[in-house]
Amino acid sequence: MTAFLVVLVIILFGVAVWQMGKIFQLSKSHQEDSEVANDKDNNMNGWLMLGFVIFIYILSIVCFWLWGDVMLPESASEHGVGIDQLWLISMILIFVVGIVTQWLLHYFAFKYRGRKGQRAVFFADNDKLEFIWTIIPVIVLAGLIIYGLFTWTDIMNIDTEDDPLVVELYAYQFDWRARYGGEDNTLGEASVRLIEGANQLGVDAADPNAQDDIVVNELHLPVGRKVLFKMRSQDVLHSAYMPHFRAQMNCVPGMITQFAFTPTKTTLEMRENEEIIAKVAKINNIRKENSKALLAKGEEGLEPYTFDYMLLCNKICGNNHYNMQMKIIVETQEEYDAWIAEQATLAQTLKQ
Amino acid sequence: MSAHAHDLAADHHDDHGHHHKETFITKYIFSQDHKMISKQYLITGLFMGIIGIAMSLLFRMQLAWPDQEFKVYEILLGKWGEGGVMDPSVYLALVTIHGTIMVFFVLTAGLSGTFSNLLIPLQIGARDMASGFLNMISYWLFFLSSVIMVLSLFVEAGPASAGWTIYPPLSALPQAIPGSGTGMTLWLVSMAIFIASSLLGSLNYIVTVLNLRTKGMSMTRLPLTIWAFFITAVIGVVSFPVLLSAALLLIMDRGFGTSFFLSDIYIAGEVLHNQGGSPVLFEHLFWFLGHPEVYIVLLPALGITSEIIATNSRKPIFGYRAMVASILAIAFLSTIVWGHHMFISGMNPFLGSVFTFTTLLIAIPSAVKAFNYITTLWKGNLQMNPAMLFSIGLVSTFITGGLTGILLGDSALDINVHDTYFVVAHFHLVMGISALYGLFAGVYHWFPKMFEGRMMNKNLGYIHFWVTAIGAYGVFFPMHFIGMAGLPRRYYTNTAFPYFDDLADVNVVITIFAFIAAAAQVIFLYNFISSMFFGKKGSKNPWNSNTLEWTAEVKHIHGNWDGPIPHVYRWAYDYSKLNKDESDYVIPGQDFVPQTTPLQDNEEEMNH
């Protein structure tokens with residue numbers, strides 16, 4: 001694939017250079033001319049303008065054809081469906097506007113390319129026209145703004161009445177920890193000033209709410225229940241990015257930030273998703289190819305990939321920023337209950 | 001007011017009927033002449049641009065072929081490229097300095113500094129800037145800050161590497177990243193000096209535009225270039241000081257133990273004493289400049305484009321007043337949208353709503369500008385000079401990049417693409433490439449003004465444009481896709497996530513296009529340097545333009561016009577204007593009416 005693309009790009013570049021060469025040659029025959037464009041230049045560049053808008057269209061089509069499948073699969077959270085809907089509507093809108101305006105721009109550049117004797121039209125003002133293309137964006141954008149704001153407030157105004165599962169996401173250079181509230185679903189107080197030995201997150205061991213807190217390095221979430229994340233950072237800014245759930249919030253030292261969502265698809269369900277199956281197959285093909293090369297060099301091959309949700313750091317945080325991740329497992333309530341029962345509470349951990 | 005200023009200027013000129021004898025140093029180095037200072041800005045900016053673009057090529061190589069060893073890393077990066085493997089810390093340093101250099105040193109100083117200096121006095125009919133001395137200081141402060149920024153590349157622990165936005169605590173704590181030691185100190189010192197330079201320059205531009213316009217040059221007769229430079233300077237004066245305060249507070253946090261931006265930090269095995277500060281405060285201060293900065297970069301490019309499109313279309317710019325109003329609206333709105341960089345920073349979600357509202361509003365004047373450019377082309381007689389091609393290219397990338405801004409400015413949509421490559425693609429198209437096109441357009445168009453009548457080779461210009469145009473879209477269009485796949489920016493390699501393995505070939509394609517586009521810039525550099533010495537001389541007014549600069553002497557003299565300063569009788573856009581009985585142009589056989597031409601008998605008077 002890569003080789004094919006490289007070849008394609010080089011061929012395109014070659015064609016471009018060849019065309020340039022032609023222009024160059026043609027213009028050279030008019031050596032006596034100055035460095036100001038003449039009719040020949042206008043004609044040539046006018047046609048190239050027309051070619052260029054077609055190039056933009058083809059580039060878009062080729063990109064969708066080649067890479068349409070790399071995009072994120074359907075949302076695995078409740079609110080994400082709303083975001084995807086808004087995204088799609090905005091996307092269609094900007095594509096329509098983009099295709100039309102790019103066409104007009106380049107087509108006019110082609111159509112009205114200069115010719116000796118051609119008279120330009122003195123057209124300095126037209127209040128009606130200008131009013132129209134001020135008011136149309138106003139109306140369209142008003143619609144988008146209102147739609148967007150409703151979506152945004154729905155996501156960000158967190159209603160604690162429906163008893164969300166409270167989970168702390170704790171970021172530090174260069175890893176994540178998750179802390180569950182335990183049986184009381186309430187997080188104990190914590191501060192970086194209390195970090196000591198096994199108490200990695202600086203939880204206040206004297207706080208009664210903290211006793212049943214559970215600290216883990218793999219995030220398990222029961223499907224269908226709202227999760228309220230409380231984000232904390234130990235050192236620098238991090239950002240908890242969970243692309244499949246359309247969720248992201250910065251982790252800021254000195255304050256607790258929050259984000260809530262309801263996962264709607266278990267990891268197993270997501271693995272059955274057609275887009276994911278295709279994507280994983282594609283990735284494994286690539287990994288197999290890469291492994292061949294590695295094995296030939298006498299190195300270890302790559303392991304095959306299975307899909308898992310992931311939490312990434314998405315705010316530059318230091319040298320290993322590129323590898324600050326945590327696995328997220330969404331499972332049924334029963335599986336979740338069984339898993340959490342196995343985890344040691346903070347009281348148990350600190351006693352050891 | 002302008003009439004009075006004109007008298008003063010005329011007196012001034014008479015006093016200096018005999019020019020001072022100039023030495024090499026006063027003419028080429030510590031020059032107070034705006035034309036020389038503009039060339040100094042341009043050449044310094046281009047030099048910094050070479051560094052910035054070379055850096056981007058290095059990290060693009062790393063992104064495309066993360067497992068490959070390249071000898072060139074070892075040659076250029078020394079101990080950070082040992083054995084041909086790029087160190088993660090130098091990767092972050094490269095993206096940081098690339099961003100800093102391109103945004104501030106190339107597109108702020110190199111673009112606005114160059115053309116504000118060259119064109120403000122020439123297009124408003126002034127002998128020089130209001131204060132030639134401050135102007136000189138402004139350039140030399142810029143030069144000093146460039147030197148410090150380049151020197152910071154050579155410090156022991158590496159240059160600043162916390163991203164060009166230098167968010168603390170990462171930028172405040174050398175324990176967090178090695179680049180936050182001496183490298184960051186130098187970065188801050190360099191930027192503080194840069195801000196001083198920018199303020200001196202901007203104040204000078206504002207005063208000059210307001211006070212030194214020649215007789216007849218009312219504000220509504222100003223070419224749009226001048227409007228753009230003027231408003232850009234105003235935005236700079238309003239917002240740059242805030243960055244200075246952010247930088248000063250950060251210096252205090254770093255050196256004097258204060259806690260403006262730091263609180264509750266446990267790093268390298270110990271708790272820091274800092275308490276009560278907030279990194280979010282820094283983000284507010286930074287983006288209070290950072291967002292207007294986008295328009296500080298873009299408005300001059302749009303001003304240049306307006307002038308060039310009108311001249312080369314042989315038509316007046318469509319909707320002059322709407323264009324001015326758009327510039328004013330963009331400038332005003334640009335200072336109240338900064339929060340859209342911070343939707344998920346932890347600030348109150350209500351603020352997010354407000355900033356979404358203001359951000360999407362800014363799309364309206366931007367749309368008006370784009371439509372007006374397109375209408376200006378309509379039924380024109382387009383002269384496809386290289387400057388015109390770059391101007392059309394600018395409108396194209398401005399539209400493409402602007403449209404994705406509608407997605408990013410929507411707080412709900414920003415959640416999932418924030419800090420991904422989608423953002424990188426968006427801002428590179430809308431401000432990076434667009435502003436660079438503006439810079440190139442300006443250089444091709446005003447080269448004869450800068451280098452005493454010499455013109456750049458048009459054929460090389462065509463090759464430069466077309467290869468760059470293809471390369472730029474080739475780089476940034478596919479980049480949207482890896483952003484929509486959820487790939488975060490500023491990752492040294494994506495191999496830590498098997499999930500992103502299928503993006504590897506996209507990255508290869510992007511890098512190849514980046515190399516193609518960069519190769520075209522070599523053609524430009526060759527053309528620029530060779531034309532400086534051997535370029536063909538054109539006529540005094542090679543593009544048949546209306547504006548005043550083409551009435552000034554071709555040979556650079558102190559005071560621009562050998563005789564008295566010309567008076568202005570009309571706006572700058574009387575291209576292809578017909579006489580009353582529509583039998584011919586106002587001036588028979590000539591499709592343009594320079595601003596210095598009084599109203600003709602057979603001519604209908606317009607509003608300007």
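**Note on the predicted A–B model**

1. In β8(A), Thr257(A) is the bridge partner of Met231(A). Met231(A) also touches Leu169(A). Strands β5 (residues 227–233) and β8 of chain A run antiparallel and are joined by 5 bridges. Strands count as paired if DSSP finds at least two bridges between them. Helices (H or I, at least four residues) and strands (E, at least two) are DSSP runs, numbered from the N terminus.

2. Conventions next. This is a predicted model: local features need pLDDT of at least 70, side-chain atom pairs count only at pLDDT 80 or more, and totals for chains, interfaces and linings use all residues. Residues are numbered from 1 along each chain as its sequence is written, while chains are lettered from A and ligands numbered from 1 in the order in which they are written.

3. Chain A has 8 helices and 10 strands. Its C-alpha atoms fill a box of roughly 90 × 65 × 40 Å along the principal axes. A compact globule of 352 residues would have a radius of gyration near 20 Å, but chain A has 29 Å. That radius is taken over C-alpha atoms, and the globule rule is 2.2 Å times the number of residues to the power 0.38. Of the 352 residues of chain A, 36% count as buried. Buried means 20 or more other C-beta atoms within 10 Å of the residue's own; exposed means 12 or fewer, and partly exposed lies in between, with C-beta atoms placed from the backbone.

4. Chain B has 17 helices and 2 strands. Its C-alpha trace spans about 85 × 50 × 50 Å along the principal axes. For 608 residues, a compact globule would have a radius of gyration near 25 Å; chain B has 25 Å, which agrees. Of the 608 residues of chain B, 66% count as buried.

5. Contact range is given for both chains. Two residues are in contact if their C-beta atoms, placed from the backbone, lie within 7 Å. Take the contacts with a separation of 6 or more. In chain A, residues 24 or more positions apart account for 66% of them. In chain B, residues 24 or more positions apart account for 80%.

6. One open sheet of chain A has 5 strands in the order β3-β2-β1-β5-β8, with mixed pairing. Its edge strands are β3 (214–216) and β8 (257–261), and each pairs on one side only. The twist averages 25° from one strand to the next.

7. A second open sheet of chain A also has 5 strands and mixed pairing, in the order β4-β10-β9-β6-β7. β4 (219–222) and β7 stand at the edges, each with a single partner strand, so one side of each is left without a neighbour in the sheet. Here the twist averages 20° from one strand to the next. Helix α7 (residues 333–342) of chain A packs on this sheet and touches β4 and β10; its direction makes about 140° with that of β4(A). Axes are lines fitted to C-alpha atoms, for helices over the stretch in contact, and angles run from 0 to 180 degrees between N-to-C directions.

8. Look at β9(A) in that sheet. 4 of its 5 residues are buried, so β9(A) is largely enclosed by the rest of the structure. β9(A) and β10(A) (residues 325–331) run antiparallel, joined by 4 bridges. Tyr309(A) has Ile328(A) of β10(A) as its bridge partner. β9(A) also pairs with β6(A), antiparallel over 2 bridges. Ala240(A) stands opposite Cys313(A) of β9(A).

9. Ala240(A) returns in the core. The largest nonpolar core has 298 residues, and Leu169(A) and Ala240(A) have the most contacts inside it. Helix α5 (residues 88–124) of chain B gives the most to this core, with 22 residues. A nonpolar core is a set of buried Ala, Val, Leu, Ile, Met, Phe, Trp, Tyr and Cys residues joined through C-beta atoms within 7 Å. Not counting residues up to four places away in sequence, Leu169(A) touches Trp176(A), Ala178(A), Phe229(A), Met231(A), Ala240(A) and Cys251(A).

10. Finally, the interface. 112 residues of chain A are in contact with 119 residues of chain B. Elements of chain A that each supply at least two residues to this side include α1 (2–28), α2 (39–67), α3 (78–111), α4 (127–156) and β9 (309–313). α4(A) gives the most, with 15 residues. By class, the side of chain A that touches chain B has 66 nonpolar, 33 polar and 13 charged residues. Ala, Val, Leu, Ile, Met, Phe, Trp, Tyr, Cys and Pro count as nonpolar, Asp, Glu, Lys and Arg as charged, and the others, Gly among them, as polar.
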